[in-house]
Amino acid sequence: MSKLDLIRNIGISAHIDSGKTTLTERVLFYTGKIHKIGEVRGDGATMDHMELEKERGITITSAATSVTWGKYDINIIDTPGHVDFTVEVERSLRVLDGAILVLCAVGGVQSQSITVDRQMKRYRTPRIAFINKMDRAGANPDAVIRQLKDKLGVVGVPLQIPIGKESNFEGVVDLVQMKAVYFDGDRGETVRLDEIPENLKEAAAAARHEMLDSLSMFSDELMELVLEEQEVPEELINTILREATLSQDITPVMMGTAYRDKGVQPLLDAVGKYLPSPLDRDIHATDLDKEEETTLSPDPKAPMVGMAFKLVDEQFGQVTYFRVYQGTLKKAEQYINTRSGRKQRFARLLKIHADETEEIDTAGPGDILAIVGIDASSGDTYVGGDTNYALESIHVPEPVISLA
Ligand code: GDP
């Protein structure tokens with residue numbers, strides 16, 4: 001297996017105040033890039049990210065932050081939550097392959113989620129929904145799932161049910177593994193699997209049945225097992241969940257509290273399991289010589305094709321955030337900007353982590369990196385070899401469910 005299928009380029013989108021910053025901070029913490037937890041204020045809220053940035057001199061949400069979780073390399077691409085449809089939002093959506101949609105368990109789907117949803121649909125971006133703030137009074141995940149359907153037409157398939165309500169929210173029942181998942185430790189850092197509590201066994205069985213029912217329409221094998229009331233292997237459920245998520249037929253729904261650290265780690269697991277790798281995207285470009293559309297190949301040996309998607313002033317000067325779609329980008333090589341026709345040397349290649357930058361020599365297809373020393377405009381395509389391509393639009397393949 002190539003490493004390519006272990007790359008996840010994701011965005012985190014949310015209505016303001018639903019906990020995107022807190023969740024991002026926790027993701028960076030768990031993936032080891034922030035070693036110190038944000039100080040907890042009296043009201044239990046973490047510092048906001050401006051304070052955190054000041055304290056550490058880092059950019060928590062830079063244009064793209066690279067982290068690792070288990071065997072996965074996850075690039076988190078900043079997805080501006082603008083209400084207005086902007087080129088910038090569009091561009092960030094071109095670059096990511098999947099997203100986490102953060103929703104407040106009380107506020108649910110709000111107007112801004114609707115705008116972002118429309119944009120994500122255009123780019124056919126598969127998503128996982130995370131219902132945050134499960135600890136708040138009035139938290140109602142069922143209502144949020146109904147709103148997903150009513151307001152966004154999104155078929156949310158809950159993979160969990162909560163254990164305890166509001167301030168007594170303790171953890172979740174994982175409906176795939178059929179285990180209770182608790183979050184122990186001061187801040188809930190440690191994940192502990194346990195038997196499902198007696199008083200939830202019936203509800204969990206019913207919720208699992210409903211989950212399998214929704215998924216059985218994508219697989220005859222599953223449908224047969226369900227009809228015959230046979231045991232369904234976890235692997236089969238995960239395969240169907242992945243395929244149905246990639247084709248955007250469903251959106252898996254998970255839940256937790258970002259600032260109490262409940263549910264963040266299972267969410268990261270789900271990013272690996274259910275969201276697409278660059279291999280799952282079908283990338284189209286325009287061949288400017290032939291004036292026709294062409295499909296790029298995620299082959300590291302093919303000529304390099306990539307796009308500058310954001311220019312940012314970082315502490316070490318202006319950097320160009322870049323995604324490689326085809327071939328291998330090499331430090332010190334020259335590439336042609338197909339808009340201006342100019343050749344430019346890519347002097348320094350960097351991976352940006354939350355609290356450090358790493359100099360790298362090469363970047364392969366699907367990789368996201370920052371380049372120092374080129375004079376790009378956002379949206380420019382760079383190519384190597386004899387190619388003369390412009391990346392115009394990116395499509396995910398039509399939904400194909402290939403399960404027997
Ligand atoms: P953003 O605007 O989406 O980036 O949201 P923030 O991460 O800044 O969070 C908004 C507010 O909600 C802050 O006061 C957070 O401390 C609080 N918050 C975030 N996650 C949770 C949670 O899980 N439960 C509760 N009760 N509050 C939370």
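**Group meeting talk: helices, sheet and cores**

Let's start with helix H1, residues 20-30: the helix is mostly covered, with 9 of its 11 residues buried. Buried means under 20% relative accessible area; exposed is over 50%, and partly exposed lies in between (1.4 Å probe, protein chains only). Helices are DSSP runs of H or I with at least four residues, strands are E runs of at least two, and both are numbered from the N terminus.

A word on the source. This is a predicted model, where local features need pLDDT of at least 70 and side-chain atom pairs count only at pLDDT 80 or more, while totals for chains, interfaces and linings use all residues. Residues are numbered from 1 along each chain as its sequence is written, and side-chain values use heavy atoms, leaving out hydrogens and water.

Back to H1. Its buried residues include Leu23, Val27, Leu28 and Phe29. After H1 comes Gly32, with a positive phi near 85 degrees.

What does Leu23 touch, leaving aside neighbours within four places in sequence? Leu23 is in contact (heavy atoms within 4.5 Å) with Ile12, Ile100, Val102, Phe130, Ala258, Val264 and Leu267.

Now the cores. A nonpolar core is a set of buried Ala, Val, Leu, Ile, Met, Phe, Trp, Tyr and Cys residues, joined through side-chain atoms within 4.5 Å. The largest one here has 55 residues. Leu23, Ile74, Ile100 and Met211 touch the most other members. Helix H9 gives the most to this core, with 6 residues. There is also a second, separate core of 29 residues, with Ala64 and Val312 among them.

Next, the sheet. It is open, has 7 strands and mixed pairing, and its order is S2-S3-S1-S4-S5-S11-S6. Two strands pair if DSSP finds at least two bridges between them. Which strands are at the edges? Strand S2 (64-69) and strand S6 (156-158), each pairing on one side only. The twist averages 30 degrees from one strand to the next. Look at S5 (residues 127-132) and S11 (residues 251-255): they run parallel, joined by 3 bridges. Phe130 stands opposite Met254 in S11.

Last, two helices. H8 (residues 234-246) and H9 (residues 264-274) pack at about 75 degrees, with axes 9 Å apart. Axes are lines fitted to C-alpha atoms, for helices over the stretch in contact, and angles run from 0 to 180 degrees between N-to-C directions. That angle makes H8 roughly perpendicular to H9 (65 to 115 degrees; under 35 is roughly parallel, over 145 roughly antiparallel, the rest oblique). H8 brings Asn238, Leu241, Arg242, Thr245 and Leu246 to the contact; H9 brings Gly272, Lys273 and Tyr274.
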